[in-house]
Amino acid sequence: MARGDDIVVTLRELIASGAFVPGQRLAEIPVAARLGVSRTPVRRALALLAGEGLLAPAGARGYLVRRFTFKDIIDSIEVRGLIEGMAGRLVAEAGPSDATLQKLEACIAEGEEILNGPALDAQADARWADMNRRFHAAIIATCNNKALIEALERNDKLPFAAAGALAGSELIGAELMDQRRDVLRHAQVQHRAVTDALRERKGARVEALMREHAMQAARNIALARRKIPNISEPDDAHPTKGAA
């Protein structure tokens, strides 16, 4: 996995953990110096995290850390599930192309490789996030519904809402790593089920699977919740549908 993807994961965790506090300004040069890397991958990482809603643009090449709540995250994940569910149904009813199915199968194969690896470290986090983003994008891109695509693009700008914006191993901690692996394995099983249902053109099943699948992101966030000051709220602030 490219070093730039590792930097995205690292910065996401620094922001979520409170190392960069809400309202703090982040700029390329000081962030690059702190991480001991060049400015180019930092520039890309900051732009990507702004796209995810963790940062807000603030002047030339600068960003402000946004404040957000656990409810904000769960609400946006639920909305993503609704949008992706409808998109998946449309793709199934129209019949997915061979090219789309090949992309999905490639993602499933990579997911198995990641989960069977020696550790869920930062590099594995970056690979999983990228694989998951590509899996979801392969479905959305072929739904042939511009309104759905644009709605998802808007929703993805909310913190941790996008398919590729997961809470990594550093936020969750070693004590919960077995639970995190279980969450990812469940997500992997759902990837297979979604792909099979698409191939069989079972629209209603794909829609239900995609809605449930989105909630794996909520379970992943719930594992990291205690270590993310920005989303610290009372336990009953919002249900997570059985999240661990």
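# Reading a cavity, a pocket and some residues

Mentor: H10 supplies 5 residues to the lining of the largest cavity, and that is the largest share. The model is predicted: local features need pLDDT of at least 70, side-chain atom pairs count only at pLDDT 80 or more, and totals for chains, interfaces and linings use all residues. Residues are numbered from 1 along each chain as its sequence is written, and side-chain values use heavy atoms, with hydrogens and water left out.

Trainee: How much space lies in the largest cavity?

Mentor: About 190 Å³. Its lining has 17 residues, and the closest to the centre are Trp 128, Asn 132, Ala 163, Gln 216 and Ala 217. H6, H9 (177-199) and H10 each give at least two residues to this lining.

Trainee: Which classes make up the lining of the largest cavity?

Mentor: Know the classes. Ala, Val, Leu, Ile, Met, Phe, Trp, Tyr, Cys and Pro are nonpolar; Asp, Glu, Lys and Arg are charged; the others, Gly among them, are polar. The cavity lining has 11 nonpolar, 5 polar and 1 charged residues.

Trainee: What is the volume of the largest pocket?

Mentor: About 610 Å³. Of its 25 lining residues, Glu 52, Arg 133, Ala 162, Ala 163 and Gly 164 are the closest to the centre. Helices H1 (3-17), H3 (39-51), H4 (70-94), H6 (122-140) and H7 (146-155) each give two or more residues to the lining. By class, the pocket lining holds 11 nonpolar, 3 polar and 11 charged residues.

Trainee: Which residues does His 213 touch?

Mentor: Contact means heavy atoms within 4.5 Å. Not counting residues up to four places away in sequence, His 213 touches Asn 132, His 136, Ala 187, Gln 190 and His 191. A polar contact is a pair of N or O atoms within 3.5 Å; within protein, one must be able to donate a hydrogen and the other to accept it, and residues adjacent in sequence count only if both atoms are side-chain atoms. The side chains of His 213 and His 136 form one, at 3.2 Å.

Trainee: Where does His 136 lie?

Mentor: In helix H6. His 136 is buried too, at 3%. Beyond four places in sequence, His 136 touches Arg 80, Glu 84, Ala 163, His 191, Met 210 and His 213.

Trainee: What does Ser 76 contact?

Mentor: Ser 76 sits in helix H4 and is buried, at 2% relative accessibility. Leaving aside neighbours within four places, Ser 76 contacts Asn 155, Leu 158, Pro 159 and Ala 161. Ser 76 and Ala 161 are 85 residues apart in sequence, yet 5.6 Å apart in space, C-alpha to C-alpha. A polar side-chain atom of Ser 76 also lies 2.8 Å from the backbone oxygen of Ile 73.

Trainee: How many disulfides does the structure hold?

Mentor: A disulfide is a covalent bond between the sulfur atoms of two cysteines. The test is a pair of cysteine sulfur atoms within 2.5 Å. The structure holds 0 disulfides. Cys 107 is buried, at 2%, and Cys 143 is buried, at 5%.

Trainee: Which loop holds Asn 144?

Mentor: The loop between H6 and H7. Asn 144 has a positive phi, near 60 degrees, without being glycine. Asn 144 is exposed, at 75%. Arg 201, also not a glycine, has a positive phi of about 60 degrees. Arg 201 is in the loop between H9 and H10, and is partly exposed at 49%.

Methods. On a 1 Å grid over the protein atoms alone, a cavity is a set of points where a 1.4 Å probe fits but cannot get out, and a pocket is an open set with protein on both sides within 12 Å along at least five of seven lines; lining residues have an atom within 4 Å of a point. Grid points are joined across faces, edges and corners, and a volume is the space filled by probe spheres set on the points. Helices (H or I, at least four residues) and strands (E, at least two) are DSSP runs, numbered from the N terminus. Buried means under 20% relative accessible area, exposed over 50%, partly exposed in between (1.4 Å probe, protein chains only).
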